[in-house]
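Hi there,

Here is the structure I promised to pass on. Please open it alongside this email, and my notes follow below.

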Amino acid sequence: MAESPFASLLKGIPSVDRLMNEPSLAALRERYTDELFKGVVRRGLDELREDIRRGTAAESECTIESVSARVERLLHRRLGGKLRTVVNATGVIIHTNLGRSCLSERVIERIAAAARSYSNLEYNLDQGRRGERNSHLRELMEELTGAQAALAVNNNAAAVLLALSSLAAGREVVVSRGELIEIGGAFRIPDVMARSGAILREVGTTNRTHPRDYVEAINERTALILKVHPSNYRIEGFTREVSLDELVRIGRDKNVPTAMDLGSGCLVDLTRYGIEGEVTVQHVVASGVDVVTFSGDKLLGGPQAGIVAGKTELVEKMRTNPLARALRMDKLTLAALEATLEEYTRREGIEQQIPTLGMIVKSADELQQTADTLAATIAARVGRAAAVSIEYGMGRVGGGALPMGDLPGPRVAVRPRNGSAAGLEERLRKGNPPVIALVKDDAVLFDPRTLLHGQCELLPDLVAAACGKNQYIDS
Ligand SMILES: *Cc1c(COP(=O)(O)O)cnc(C)c1O
């Protein structure tokens, strides 16, 4: 049998020992532990062998210089931090995979202060003794939501788990079949219910649930009636949903508490910006529901957190549940959430202070201007390598907020003349910083809505580099 065409290449690559003693790598080797360095050398060699087998590595890549350079690159990548900032050009504002809400400088300063120094996190300065972590946020949350009591935990999934565990463990929770939702990241109402120890009592059908379905399901084992915001989908057509007001009435009639998992949790009335369909937390609380839970990093625009607002007696049960200790928020988040909530007390210019809201309410003029500038600069940079145009489409709020609430606006479309849009998207994604953009109809789309300060200036160079116009890039 003839020798594989790659066999001689494979034989020629340097050994681990040779690389461990390679003088050009000595400075790097001294800086890191032997275990880490050797691991990276092995990985570099594995990658090279794989490239050879796939036929993508030339002989020149097997020299000691070339392999050393590969190891160096890997080492820098390995130590450069895996969590990187990216440019979100998708137009999806609350993008869970990209970290949801970005925070304002004012909020970031408060995180930094809490990180740098000791604080009165759990210390009562007036009394000189142990205090309570939740006390810093409680008043603000109560004032803003209008609820009697409030509690903040690690995220909304934790808030729902804590509510179910504290109020309904071992007993039944009545939920409409149409609201047994799954949110991204495997948050499923039936699974959370099972973990909490509560027993799910499904009522109605997927598309229709009537008040009598709830009434008939309530018995001496019922602990709670739960309503869930459908967040990321809509049931349309022949449907019937029982409103929160109706549920509250049924709950009061039957002496069963009601809870709503609101998901996004918006504190400002978005209808004043022409955006319909999202009720405010205040409105839900005012409906008389006993407990509401919502996220800190969706429409609220703060850090990852879960907020429970409701009747004192029920919130107190959650606060004293041993599970609350495991679900508590850390001090950096607490600082960020407090600073975020304070923005809502200022009222004036809230959309300037909360980046998430700022992106939602960006004016058509501003978006058009940014898109025009971006398109012109990208076109100038890429030259004949791609066709650049402006197209109109829909951005999205995302994060389970306003599922149908699309945000119309312009997007810059780049169509490479050689190669595919998918290839361009991949090179952008693997760039530095990575650019996350959508591909549609052979074009890579850049939505100005989710670009942060300074990223519009950065983007043309990154696109040019990904189009193979490397002469415009310094590094
Ligand atoms: C997003 C969402 C959750 C989960 O909230 P996290 O803050 O991501 O834990 C739960 N319920 C609903 C309805 C949601 O929209």
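**Helix packing and pockets**

In this predicted model, helix H8 (residues 156-168) packs with helix H13 (residues 312-319) at an angle of about 105 degrees, and their axes are 9 Å apart. Angles of 65 to 115 degrees count as roughly perpendicular, so H8 and H13 are roughly perpendicular to each other. On the H8 side, the contact is made by Leu162, Ala163, Ser166 and Leu167, while H13 brings in Leu314, Lys317 and Met318. Sorted by class, this contact has 5 nonpolar, 1 polar and 1 charged residues.

The largest pocket holds about 1000 Å³ of space. It is lined by 44 residues, and those closest to its centre are His95, Thr96, Leu98, Gly99 and Arg100. H8 turns up here too: along with strand S1 (87-88), strand S11 (258-263), helix H17 (355-361) and helix H20 (455-466), H8 gives two or more residues to the lining. By class, that lining has 19 nonpolar, 20 polar and 5 charged residues.

The second largest pocket has about 600 Å³ of space. Of its 31 lining residues, Glu179, Lys227, Val228, Pro230 and Glu241 lie nearest the centre. At least two lining residues each come from strand S10 (222-228), helix H11 (244-254), S11 and helix H12 (281-286). The lining of this second largest pocket divides into 11 nonpolar, 12 polar and 8 charged residues.

Best wishes

Conventions:
Residues numbered from 1 in each chain as written. Predicted model: local features only at pLDDT ≥ 70, side-chain atom pairs only at ≥ 80, totals over all residues. Heavy atoms only, no water. Axes fitted to C-alpha atoms, helices over the stretch in contact; angles between N-to-C directions. Helix = DSSP H or I, 4+ residues; strand = E, 2+ residues; numbered from the N terminus. Parallel < 35°, antiparallel > 145°, perpendicular 65-115°, else oblique. Contact = heavy atoms within 4.5 Å. Nonpolar A, V, L, I, M, F, W, Y, C, P; charged D, E, K, R; others polar. 1 Å grid on protein atoms, 1.4 Å probe; cavity = no way out; pocket = protein on both sides within 12 Å on 5 of 7 lines; lining within 4 Å. Points joined across faces, edges and corners; volume = space filled by probe spheres on them.
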